[in-house]
Amino acid sequence: MPEKEARKADVLPVHYNQGNYPAFLGQEELSELVHFRTLPHWHEEFEFLRVISGRMLHEINGVSVKLAEGDVLFVNVRQMHRSKRARENGKPVRCVFQILQFHPSALYGDILLARSTVLPLMKNRKFSHLHIPSDHPEIRVWHELLDLCFRFAADGEVGRDLALTGAMYMLLSLLRKEYSRGVRETEGMQDRAELLDVRRMLSFIFQNYARKIGLQEIAGVIPTSRSRCTRLFRKYMDHTPAEFLNLYRLQTAAEKLLETGDPIADIAAACGFSDQSYFGKAFQKVYRMSPGKYRALQKRQPSVLPHDLRES
């Protein structure tokens, strides 16, 4: 598949939760995610992540960044990334974090300003991410701006869009200050080739997960051998292709359980599970509860916003 064609289909949608404003703001606990990690993904949105408590690892294009309480991480658009739990004495460490994702189009109102601040960030392939540690001289400013974003989100409709746009421009202005220090050297040719191969295979899975697909077909997307396909998946996903496909199907099913009122049997079939009994057992193993209980429990959650903002 040509690179241009892969790029058309490989983007995973971000489910915005700020009305018509293209942004998602939420607080999550890493232990509640699939197998104590998120599956590798990439999207068209800028992403800011702040660790509230605990520690975690975040991988961007195969580069692992250690994050501790109070750290902030920026991930540029279209970067393959995922979160993983840190371990201590062989056991995973609990981690609570906030996430802010917003589409650059939210800042296109002033095209001249966007050209000087937004587009250079998006187009620089060397600038995949920026880690702002808790002891950074300006970390307090980073926290204040992120606090403002969550406050604006909690306040509701009145003035929210304008306030969020202003706060996000200020976040990008801080990024500009750190720009030269934070740029990473472009990976070697082999690494870039590997990442492109991985993304092509993942894109194929994202498009075809609902039907029966096997290792030979996934490897044939590049094309490559089945052994190299498996090696790349283990290197970048910690799973075999079959394991990743199953986890992605389960994650998609979990989203459909919350976003639709479709019968569980229909959701299972739509996500590639021909046997509802197997789907139930697989879902139970990953999410520690049945699909029905997961739907009922998650829909009772009052908000994705931090607890200290829910009663604002």
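Reader: What percentage of the residues in the chain is buried?

Author: This is a predicted model, and in it buried residues make up 48% of the 312 residues. The chain holds eleven helices and nine strands. Of the contacts with a separation of 6 or more, 74% join residues 24 or more positions apart.

Reader: Why is valine 75 called buried?

Author: Buried means under 20% relative accessible area. Valine 75 has 1% relative accessibility, so it counts as buried. You will find valine 75 in strand β4, residues 72–75.

Reader: What is valine 75 in contact with, leaving aside its neighbours within four places in sequence?

Author: Its partners are Glu45, Phe46, Glu47, His58, Ile60, His81, Ser128 and His129. Take histidine 129: it lies 54 residues from valine 75 in sequence, and the two C-alpha atoms are 4.4 Å apart in space.

Reader: Why are cysteine 149 and cysteine 271 called buried?

Author: The same cut-off applies, under 20% relative accessible area. Cysteine 149 has a relative accessible area of 0%, so it is buried. Cysteine 271 is at 0% relative accessibility, and therefore counts as buried too.

Reader: And how many disulfides are there?

Author: A disulfide is a covalent bond between the sulfur atoms of two cysteines. For a pair to count here, the sulfur atoms must be within 2.5 Å. By this rule the count is zero.

Reader: Which residues meet where α8 packs on α10?

Author: From α8 come Asn246, Leu247, Leu250, Gln251, Ala253, Ala254 and Leu257, and they meet Tyr278, Phe279, Ala282, Phe283, Val286 and Tyr287 of α10. The residues of this contact divide into eleven nonpolar, two polar and no charged. Several residues of α8 are buried, including Leu247, Leu250 and Leu257.

Reader: How do you know that the length of α8 agrees with what a helix of 19 residues should span?

Author: The expected span is 1.5 Å times one less than the number of residues. For the 19 residues of α8 that gives 27 Å, and the end C-alpha atoms are 27 Å apart, so the two agree.

Notes: Residues numbered from 1 in each chain as written. Predicted model: local features only at pLDDT ≥ 70, side-chain atom pairs only at ≥ 80, totals over all residues. Heavy atoms only, no water. Buried < 20%, exposed > 50% of the residue type's maximum accessible area, 1.4 Å probe, protein only. Contact = heavy atoms within 4.5 Å. Helix = DSSP H or I, 4+ residues; strand = E, 2+ residues; numbered from the N terminus. Nonpolar A, V, L, I, M, F, W, Y, C, P; charged D, E, K, R; others polar.
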